[in-house]
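Here's a quick briefing for anyone opening this structure for the first time. Have the sequence and the 3D view side by side as you read.

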Amino acid sequence: MSADRPATLAAWLRTRSDAQLGALLAARPDVARPAPSDVVALASRLAVPVSVDRALDELDAATLQVLDVVLLAGTDGVDAADLPAALPEVPDEVLAGAVERLTTRALLWGDEVLHAPDPVRRSVRHPAGLGRRAAELRVPLPADLPAALAELGAEERDVLERLAGDRPVGHLPDTGSEAASPARRLLQRGLLARIDALNVELPREIALLLRGAQPYGPPRSRPEPDVVRRDPAVVDRQAAGAAMESVGRIGELLSLLEEEPAGLLRSGGVGVRDQKRLARALHVTEPEAAWLLELAFAAGLLDVGGPHRDEWLPTRAFDLWREQDLPDRWATLAGGWLATVRLPALAGQRDVAGKAVNALSPDLVRHTAPAIRRSALAALAEYPAGSGVGAEDLVAVLRWRTPRRADRLAPVPDLLAEGARLGVLVGGVLSTGGRGLLTAGEDGAADAMRGLLPEPVDHVLAQPDLSLIAPGPLVAELADTLTVVADVESSGGATVFRVSEASVRRALDSGWSATDLHDFFARASRTPVPQALDFLVDDVARQHGRLRVGAIESYVRSDDHGLLSQVLNDRRTAGAELRRLAPGVLVSGLGADEVLDVLREAGYAPAGESSGGAVLTRPPARPRAAGRRPGGTGPQAPRPLTEAELAATVREVRAGDAALAARRGEAVRQVPGVTTAGTLELLSRAVREGVPVWLGYVDAQGSGSQRIVAPVSLAGGFLQGYDERRGESRTFAVHRITSVALVEEGDAAPPL
Amino acid sequence: MSDGPLIVQSDKTLLLEVDHPLARDCRAAIAPFAELERSPEHVHTYRVTPLALWNARAAGHDAEQVVDALVRYSRYPVPHALLVDVADTMDRFGRLTLANDPVHGLVLTTSDRAVLEEVIRSKRVAPMVGARIDADTVVVHPSERGRLKQALLKVGWPAEDLAGYVDGQAHPIALDQSSWHLRDYQQEAVEGFWAGGSGVVVLPCGAGKTLVGAAAMAEAKATTLILVTNTVAGRQWKRELIARTSLTEEEIGEYSGERKEIRPVTIATYQVITTRRKGEYRHLDLFDAQDWGLIVYDEVHLLPAPIFRLTADLQSRRRLGLTATLVREDGREDDVFSLIGPKRYDAPWRDIEAQGYIAPAECIEVRVALDDEERMTYAVAEPEERYRIAATAQSKLPVIRRVLERHPDEPSLVIGAYLDQLEELGTALDAPVIQGSTTNKERERLFDAFRTGEIKTLVVSKVANFSIDLPEAAVAVQVSGTFGSRQEEAQRLGRVLRPKADGRQAHFYTVVSRDTLDSEYAAHRQRFLAEQGYAYTIVDAADLAGPGEVNGPDWVDEPAD
């Protein structure tokens with residue numbers, strides 16, 4: 001190694017040109033703000049694990065494979081010239097590109113000799129999918145490894161081959177203790193290492209032996225999936241069909257909710273019963289109804305409202321939305337969907353506790369969703385118009401692009417299916433509308449869809465079987481009116497309404513007169529109004545309102561009609577607010593006592609009457625407060641605690657105690673406040689050194705606890721560890737950790 | 001955007017605008033895979049059901065044709081998901097086939113192993129299949145052929161039946177077309193049926209279904225069993241067969257409650273076959289009495305459940321179903337499909353009417369206001385009595401008389417459901433009454449008298465709903481019915497739809513008590529008729545004009561000048 005080569009990352013950074021440093025900051029923007037004071041500060045920021053993880057997450061599989069070569073080299077530093085020999089099947093330009101990408105991001109440093117910074121080493125848990133060395137795993141390997149492997153049975157060999165693939169860690173099958181699964185037999189032979197109760201790891205040496213000529217695994221070249229090609233015009237037409245369908249359905253759904261809002265569950269979301277009701281009314285399946293609810297919510301057309309904020313109601317935006325033309329309405333839906341942080345496909349699936357997740361529930365939020373959605377669509381958009389790839393192939397491409405984020409790709413097929421329902425894509429091919437959405441947002445989407453969607457119609461065809469057919473999407477005003485006077489029977493490109501006795505009655509109830517209805521039908525229908533429809537309206541109108549219902553407080557009756565007329569015309573009784581309801585009956589909005597008083601004062605001789613018609617000689621009642629009903633149950637005794645709850649409470653108390661004691665001990669270093677970097681540094685150190693940590697933790701329900709945890713792993717913002725006091729292994733979200741401290745050796749918490 | 005006549009709805013209904021220039025082509029394109037549901041004046045509704053799609057597959061259409069027809073004629077873009085669903089559904093048909101194996105006899109074979117695995121594992125199907133021959137083939141016991149097809153349809157994997165038919169015992173039958181000719185559509189229906197092997201022909205009442213049956217027999221030239229709804233219908237068949245074919249009286253047997261003859265052509269009633277004594281069907285032997293080459297089911301939509309069960313055993317014989325409608329009130333359309341066969345031919349009423357083969361009909365609802373006493377009786381009646389009280393109201397009588405007076409020279413039927421009312425009407429109108437207890441002999445005498453014009457008016461009960469042929473009935477007055485049944489309506493309308501000698505218009509009256517259950521049921525019927533495309537008018541009894549008056553039955557609008 002020549003003397004003028006930089007010896008550290010900071011020194012190497014100093015040798016980089018301004019442009020190269022600029023590229024570094026552009027590629028890793030998280031280290032750029034606030035501006036680092038000097039190269040040393042920059043280097044230390046580059047070493048922050050979160051930043052390293054982020055940078056690595058964005059690399060594709062081919063680049064990571066090159067990094068693996070450097071990480072696995074026995075020496076510190078690999079000569080760039082040696083790389084082609086290590087990966088003979090990878091083309092040179094791919095290698096050069098990979099090295100360029102890695103050095104630009106300072107994930108490797110050095111010019112001829114490439115070095116990997118320590119944080120990068122730590123961040124890559126299983127370079128090239130290889131486990132740790134047998135020595136690190138504390139597994140004594142057989143002296144003659146090839147011979148030991150040769151005498152294995154097919155099953156065992158199969159297990160080893162699998163672990164020698166991408167992931168050296170595997171779950172032990174849950175077969176009970178006595179059953180000897182191949183993995184357990186391998187454990188006994190010392191060919192696998194147990195890393196905790198459930199998982200085993202394959203020592204690196206064995207994997208390398210199995211891999212033979214390809215120690216770094218097969219070359220990770222970009223997958224070249226079969227391209228689906230379809231006529232763009234056909235794609236657009238089918239997308240338009242889906243778009244129309246979606247817009248129509250959302251309109252119907254929200255009109256239904258307008259009439260009868262869905263209740264808000266205490267846990268958020270819409271209840272199963274409401275969802276069923278909507279599905280039935282819309283003639284769709286329940287998952288479909290859930291999707292529509294989610295879509296309406298994502299587009300801002302549906303939200304929680306009502307006087308008690310406990311109902312799902314259409315928003316004000318819905319009123320504007322329905323007035324817009326179809327392309328704009330569609331663009332709003334598609335835009336809302338693209339940006340939503342929710343995964344509608346999760347609705348109805350069971351969560352870890354086995355409970356089905358309700359539509360619109362907060363459990364559906366995944367903050368990575370918009371990024372995944374966009375990256376999936378962007379990958380499709382790279383294909384020219386009229387071509388694309390199937391869902392599985394797309395997932396393969398995305399997995400190659402960001403292998404470290406492969407676990408996030410699970411929702412991709414569902415996302416694509418949703419896109420297809422909306423008309424953003426058709427059979428793996430982006431529609432023009434979908435492209436517009438991706439490149440120019442909602443306006444672009446609307447513009448691309450314009451011309452494909454029909455113009456709204458302003459008339460219906462009335463038929464003798466009392467159906468009204470709107471031969472296309474209706475203008476908003478007519479659609480509103482029709483939903484009052486008729487029931488929707490079938491929807492889609494057209495809408496079939498049916499006028500029935502019930503619907504006419506509904507219209508009359510909401511203030512229409514028979515004449516209004518006749519006029520409306522005559523105006524709205526392009527065909528002559530069938531006689532049967534006019535008859536129906538008249539028939540119902542004749543029956544309507546023959547019974548009248550109103551509220552009064554008291555009445556005055558007499559067989560002497562003359563007397564009643566006299567009372568009614570008497571100026572002195574004006575205070576009683578009497579009016580004639582029918583011959584022989586006057587009514588008043590005032591109470592019986594008051595009316596009696598007024599009449600008596602005016603010189604009449606009225607008598608009170610009971611509800612049965614008997615004359616009351618005494619005033620109706622003396623004033624009384626409404627008392628409590630006797631026999632009501634008193635306050636109920638609290639439910640006794642179960643044994644399990646008692647035990648859990650005791651464990652919690654003791655764990656808190658112990659943690660407090662541990663913290664008070666002088667040997668414990670406490671990091672006050674919440675500094676993510678500091679917390680992470682401490683935690684990763686704890687993981688590395690296997691030192692227990694003291695945690696102040698606030699769980700998802702907001703209750704705080706203090707615990708001592710033996711950390712196992714730290715990844716993706718989650719700390720996994722074993723809480724000895726509570727006897728459970730669990731996952732802690734790093735952002736919920738309020739404070740953390742190392743518990744030094746020898747300062748074990750007091751025994752229970 | 002194209003400007004097609006078709007609108008495809010999300011629920012897989014198709015709306016066809018009939019006044020569109022392409023409407024005829026479009027109808028022809030979609031008819032194979034969509035059932036006509038409603039055909040009112042302007043927009044017809046078709047429905048695409050799995051059964052209809054499988055019918056299309058059975059008739060040799062493929063998914064591409066279906067998708068093409070939908071896309072080509074659709075006015076608006078068709079959602080991709082719907083097309084995919086159509087293709088998927090059609091794809092399910094024919095994965096399984098029933099065939100004859102030279103070694104193993106009847107076998108179920110598949111082109112898709114997973115499907116075979118799925119179905120033979122299903123509880124419904126498992127007991128009906130025998131040994132596995134190879135990965136794609138499994139033995140089926142011949143007696144389970146029908147039930148297996150039924151079961152496969154229920155699990156959503158309908159089998160294509162290619163196992164063929166036995167020829168049956170040959171018997172010479174020929175059509176005697178010296179004085180008449182098979183109409184085009186009848187010819188097409190027979191060809192469609194024969195090419196498909198077994199199946200159902202859907203033709204409106206009065207369109208000559210009997211002749212389709214006769215022509216099918218002439219094609220089969222084999223002994224034939226004809227199953228009909230009742231004895232009168234059976235005699236009717238016999239008369240037609242003697243008149244239109246080479247068959248003689250001696251060759252045709254009647255197997256009914258009265259007579260038990262088995263001849264080369266045997267006509268049996270559903271009732272006698274389904275009669276049970278001590279829990280056993282007594283007349284099953286009939287099916288084995290001859291080596292039948294063809295079995296004809298008249299009025300398939302009324303086929304009783306036991307006959308379905310018996311039919312399951314007759315899968316190796318050719319089966320022809322005849323009906324005016326595939327709609328069954330019991331919803332067992334799929335049994336008709338799997339046991340008798342897919343729909344082989346259908347023609348909409350209006351088309352045949354337009355060709356002049358059935359009489360155009362005018363449907364009129366006459367509303368009668370009940371008098372106060374009747375209204376009171378109705379208001380306080382028990383719910384189950386209400387319809388009867390409304391339907392048999394005395395106030396209807398003068399109106400019925402008035403309706404009949406409008407058509408003094410026309411042969412008229414008064415149809416009702418309540419015997420008391422019919423007796424009363426018979427007395428009041430001085431017309432004979434035909435009901436369940438009327439002997440067959442008496443019935444035939446009255447029908448003959450009616451045919452010759454000796455009797456102008458007949459009062460009939462429900463018994464006349466089916467298969468009696470009264471060629472000259474031009475007016476039907478319906479006074480009470482079975483709770484607005486669609487089927488009954490179709491049958492009653494059929495009574496007046498037979499073509500009249502002089503091409504006169506038929507009149508179909510319904511007398512209804514206003515503001516009662518009766519008018520509610522009438523609304524059902526009205527909807528049904530309107531959906532069938534009939535002009536339907538409502539008049540108030542008071543406004544019912546007599547002959548010679550303004551708007552009377554013979555009233556012709558004068559030109560304005």
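You're looking at a predicted model, where local features need pLDDT of at least 70, side-chain atom pairs count only at pLDDT 80 or more, and totals for chains, interfaces and linings use all residues. As for labels, residues are numbered from 1 along each chain as its sequence is written, while chains are lettered from A and ligands numbered from 1 in the order in which they are written. Helices (H or I, at least four residues) and strands (E, at least two) are DSSP runs, numbered from the N terminus.

- pLDDT is the predictor's confidence in each residue, from 0 to 100; chain A has a mean of 82, with 89% of its residues at 70 or more.
- Residues 629–638 of chain A have pLDDT below 50, and this stretch has zero contacts in the model beyond near neighbours in sequence. Here a contact means that the C-beta atoms of two residues, placed from the backbone, lie within 7 Å.
- Residues 747–752 of chain A also stay under 50 in pLDDT, but the model gives them 11 contacts beyond four places in sequence.

- Chain B holds 21 helices and 25 strands.
- Of the 561 residues in chain B, 51% are buried. Buried means 20 or more other C-beta atoms within 10 Å of the residue's own, exposed means 12 or fewer, and partly exposed is in between, with C-beta atoms placed from the backbone.
- Take the contacts in chain B between residues at least 6 apart in sequence: 71% of them join residues at least 24 apart.
- Seven strands of chain B make an open sheet with parallel pairing, in the order E21-E22-E20-E23-E24-E19-E25. Two strands pair if DSSP finds at least two bridges between them.
- Strands E21 (433–434) and E25 (536–540) of chain B are at the edges with a single partner strand each, so one side of each has no neighbour in the sheet.
- Strand E19 (residues 361–368) of chain B runs parallel to E25(B), and five bridges join them. B:Ile364 has B:Thr537 in E25(B) as its bridge partner.
- Helix H17 (residues 396–406) of chain B packs on this sheet, where it touches E19, E20, E22, E23 and E24 of chain B, and its direction makes about 165° with that of E24(B). Angles like this run from 0 to 180 degrees between N-to-C directions, and axes are lines fitted to C-alpha atoms, for helices over the stretch in contact.
- Helix H21 (residues 517–531) of chain B packs on the sheet too, touching E19, E24 and E25 of chain B at about 155° to E24(B).

**Where the two chains meet**

- The contact uses 30 residues from chain A and 28 residues from chain B.
- On the chain A side, the elements giving two or more residues are helix H14 (232–259), helix H21 (412–422), strand E15 (487–491) and helix H26 (531–543) of chain A. H14(A) gives the most, with seven residues.
- By class, that side of chain A has 15 nonpolar, 11 polar and four charged residues. Nonpolar covers Ala, Val, Leu, Ile, Met, Phe, Trp, Tyr, Cys and Pro, charged covers Asp, Glu, Lys and Arg, and the others, Gly among them, are polar.

- Eight of the 11 residues of H21(A) are buried, so the rest of the structure largely encloses it. Among them are A:Leu415 and A:Leu416.
- The axes of helix H19 (residues 369–381) of chain A and H21(A) come within 10 Å and cross at roughly 70°.
- A:Ile372, A:Arg373 and A:Ala376 in H19(A) meet A:Val412, A:Leu415 and A:Leu416 in H21(A). The residues of this contact are five nonpolar, no polar and one charged.
- Just after H21(A), A:Gly423 takes a positive phi of about 95°.
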